[in-house]
Structures are given as structure tokens and as C-alpha cells.
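Reader: I would like to go through this structure and ask what stands behind each label. Please show it first.

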Amino acid sequence: MDIILSEQDVQRIDACLTKVLNKSAAVSAFLIDRSGQLIANCGSPSTLDVSAFSALTAANFGATSEIAKLLGEQEFNLLFHKGQNENVYFSVVGENMIMVIVFDDRTTLGLVRLSINMIMDELLQILSPVYQDKG
Amino acid sequence: MPFINFSKDEIQCKIVYYGCGFCGKTTNLLYIYKKTQDDVRGRMVSIDTDGDRTIFFDFLSLNLGKIRGFDIRVQLYTVPGQVHYDATRKLVLKGVDGVVFVADSLKTQREKNIESLINLAKNLAEKRLSIRTIPLVMQYNKRDLEAEGAEILPVDVLEKDLNSMLKAPNFNASAIKGEGVFETLREISKLVVKDVSKKILLEGKGRSLTGAGGL
């Protein structure tokens, strides 16, 4: 199982993430594989260690999925962490990816969610052949 | 599950250090972290208990440099060794490209090493991976304890117990002193990169790799 993205795929994914940031005024956006690999990111992650951030995001989602199963749910498909200055919103993208948006008080959770919904179909269209290719 | 990004000419791979509790998985990563420069590695992330036992995983990202124009980044993970953390081990194994099995050379840990290796084979099989085909390196850790009078297993016993069927490359190590740590890392990285390039070529996805010089 390999994830192979062409330059064109990456550009299209970057364009989707940029759209989310432009529509929502969020700080940064990440697309992360469920095994913890960073696929793409945009915005200003400042001094953030994006590799560690991706690994912890996948672990966070993995642990939460197990909690969901214990409760008889198939999955919790979104997570939200509120901080003093910054907040993080995690949302599943298809079966294999997680989108993470970091935002502050210049925007709202509702607007972030709306912005993600607007590009979700397009993002799935880009990603589905990548995973189908793996056979 | 390697991630190949043709936009950045970058390959990311995931290597997991596996083994029973207190065998020295975290010590391996800590040594690598301490001995590498800031510009080739990220920060070391550990989720552990107060007693220094890994509860979820340790994580360290390393840049191994370029191979034929591709930046090779490896992500090193450890798993919690204790038997009851099996669900966590399965989560960490998701998307694994290579495994370092760290065996504890102490005689008292003989059974636990074998149990852990069987557990690894089972958890890989659940992900439709075979312990016989995945890039694997055996590390026989804590060899230094013999000098301190501890009873340790001879290497041929460890080989017979753990590696007689698998025939994986093996290294003696003292992770706490750094002996064998980078040798192990070099070997598993080499095997993983070779495996990734082979798979890509077999799947006929090497068109752009060839354009960039091939792997």
C-alpha cells in the first residue's frame, strides 16, 4: 500500500487547502494520512514541528476511534480541541485521511466547518484514484 | 505505506521499533535523537507514564538525505511493550514500512521476547502484512550487561529463538551506550528504501521516478 501523489495531485490538494483558509480565515490547514504521514499543508504553521504534529494527529484519531467502538459507534468523524489562543478542528476525509484546521478568534468553528464542506467533494475526487491505484 | 510526493521529490517511510516491555526501544530513539543534528531531525515526542513506560508511542522524524534526487524522510516509532497495550500497538503499526525487533538479551526475558515476536507476526497479519516479507532487523540489546554480571542469553540462543526462520539481519547492541544503534537504523533504512523502490517499480508507478533519476 503506497500513497503516490503526482505534482498535479499535490497542486490540486494545495488549492483545496488554500480555499479553506481563504474562506474561513483560519491560520493553517493540514491533510494527514491515518498512519501519521503529512500529505500537504498550507498557511502559517510558525514553528510547529509538522511531522510530530501529524504523528500525534493520527494517534489522536486512532485512540478516539477505539473509544467510539467501545461505545458502539462506528467512528467519531470530527474532533475539536479548544485552546486559549488557538483551536484545532479535525475532520475525516474519506477512509484514509484527516483534515486538520488550526484557527484563532478571528473566525468561528461554524465557518471552518462550512469551508471544509465546500471543498470536501473535490478533495475526495482527487484522493480516491490515489487509493484505488493501490489495489 | 510509504508516501511518495513527486511535487517535493520526497519519500516518507514509517519504521516501528517493536519488542517486549523495557527491552530498550525508547532508549534507541533517545540515542538517535541525542546524536543527530537539529537540521536532520524533528523533536522527539513521547507519550509515557510517570514510570517512564511508553503508554502510546515515541516518535522521531529523521531526514536521511537524498537518494537519486529524492529526499528520504523516515518516521521512527516505538510501541508500548506491555502485553495489555495490544490495541495501541496495532494503531502504531498502521502503515508500517519496516520493523526493528528489539530483543532483551537478559535470560529472564527469554519468554517475553518470543511472545512479543509472535504478537508482532499476529498484528502484522491482521494488516495483511507478513513478518517474513516486511523489511525486518533484529537487534539483540543489552549485551553490555554481561560485563556487569547479569545472566544474558548467548547470541546463538537468541538467533535460534527468534531468527531461525526469519533470517533477518541482526545486530548486537547496547542502546544505552549507543552501540549498535546506528548500525540497526542504517540497515532497516536501507531495507525499507530498497523495498519501497522495488514495489514502486513492480507496480509500474516508476515513470516519474525514472524522470528524476530512478531509485
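**Labels and the values behind them**

Author: This is a predicted model. I start with one residue: B:Tyr77 is buried, at a relative accessible area of 2%.

Reader: What makes B:Tyr77 count as buried?

Author: The cut-off for buried is under 20% relative accessible area. B:Tyr77 has 2%, so the label holds. B:Phe57 has 1% and is therefore buried by the same cut-off.

Reader: Why is the pair of B:Phe57 and B:Tyr77 called tilted?

Author: Two values decide. The ring centres are 5.5 Å apart, and pairing needs them within 6.5 Å, so this is an aromatic pair. The planes are 55° apart. Stacked needs under 30 degrees and edge-to-face over 60, so 55° is tilted. Over all chains the count is eight aromatic pairs.

Reader: Which parts of chain B does the pair of B:Phe57 and B:Tyr77 tie together?

Author: B:Phe57 belongs to strand β4 (residues 54-67) of chain B, and B:Tyr77 to strand β5 (residues 70-78) of chain B. The two parts are 20 residues apart in sequence, so the pair ties them together. B:Phe57 and B:Tyr77 also belong to one aromatic cluster with B:Phe56 and B:Phe59.

Reader: How do you know that B:Lys14 lies over the face of B:Tyr77?

Author: B:Lys14 is at 4.5 Å from the ring centre of B:Tyr77. The limit is 6 Å, so the distance passes. A second case is B:Arg41 over the face of B:Tyr33, at 3.9 Å from the ring centre.

Reader: What makes β5(B) largely enclosed?

Author: Eight of its nine residues are buried, so the rest of the structure largely encloses β5(B).

Reader: In which sense does β5(B) pair with strand β2 of chain B, and in which with β4(B)?

Author: With strand β2 (residues 10-18) of chain B, β5(B) pairs in the parallel sense, over eight bridges. One bridge joins B:Ile11 to B:Ile72 in β5(B). With β4(B) the sense is antiparallel, again over eight bridges. There, B:Leu60 has B:Leu76 of β5(B) as its bridge partner. Pairing needs at least two bridges, so eight is enough in each case. The hairpin of β4(B) and β5(B) has two residues between the strands, and B:Arg68 takes a positive phi near 45° in it.

Reader: How do you know that the span of helix α1 of chain A agrees with its length?

Author: Helix α1 (residues 7-24) of chain A has 18 residues. At 1.5 Å a residue they should span 26 Å. The end C-alpha atoms are 26 Å apart, so the span agrees.

Reader: Why are the buried residues of α1(A) placed on the same side?

Author: The buried residues are A:Asp9, A:Val10, A:Ile13, A:Cys16, A:Leu17, A:Val20, A:Leu21 and A:Ser24. They cover an arc of only 135° around the axis, which puts them on the same side of α1(A). On the other side, A:Gln8, A:Gln11 and A:Asn22 are exposed.

Reader: What arc do the buried residues of helix α3 of chain B cover?

Author: In helix α3 (residues 110-126) of chain B, the buried residues include B:Asn113, B:Leu117 and B:Leu124.

Reader: What makes the phi of A:Ala25 worth a remark?

Author: Most residues other than glycine have a negative phi. A:Ala25 is not a glycine, and its phi is positive, near 60°. A:Ala25 follows α1(A), in the loop between α1 and β2 (28-33) of chain A.

Reader: Is A:Ala25 exposed or partly exposed?

Author: Exposed needs over 50%, and buried under 20%. A:Ala25 has 39% relative accessibility, so it is partly exposed. B:Lys167 also has a positive phi, of about 55°. Its relative accessible area is 64%, so B:Lys167 is exposed.

Terms used:
Residues are numbered from 1 along each chain as its sequence is written. Chains are lettered from A and ligands numbered from 1 in the order in which they are written. This is a predicted model: local features need pLDDT of at least 70, side-chain atom pairs count only at pLDDT 80 or more; totals for chains, interfaces and linings use all residues. Side-chain values use heavy atoms; hydrogens and water are left out. Rings of Phe, Tyr and Trp (its six-membered ring) pair if their centres lie within 6.5 Å; planes under 30 degrees apart count as stacked, over 60 as edge-to-face and the rest as tilted. Helices (H or I, at least four residues) and strands (E, at least two) are DSSP runs, numbered from the N terminus. Buried means under 20% relative accessible area, exposed over 50%, partly exposed in between (1.4 Å probe, protein chains only). A charge sits over a ring if NZ of Lys or CZ of Arg is within 6 Å of the ring centre and within 35 degrees of the ring normal. The expected span of a helix is 1.5 Å times one less than its number of residues. The arc is that of the directions from the helix axis to the C-beta atoms.
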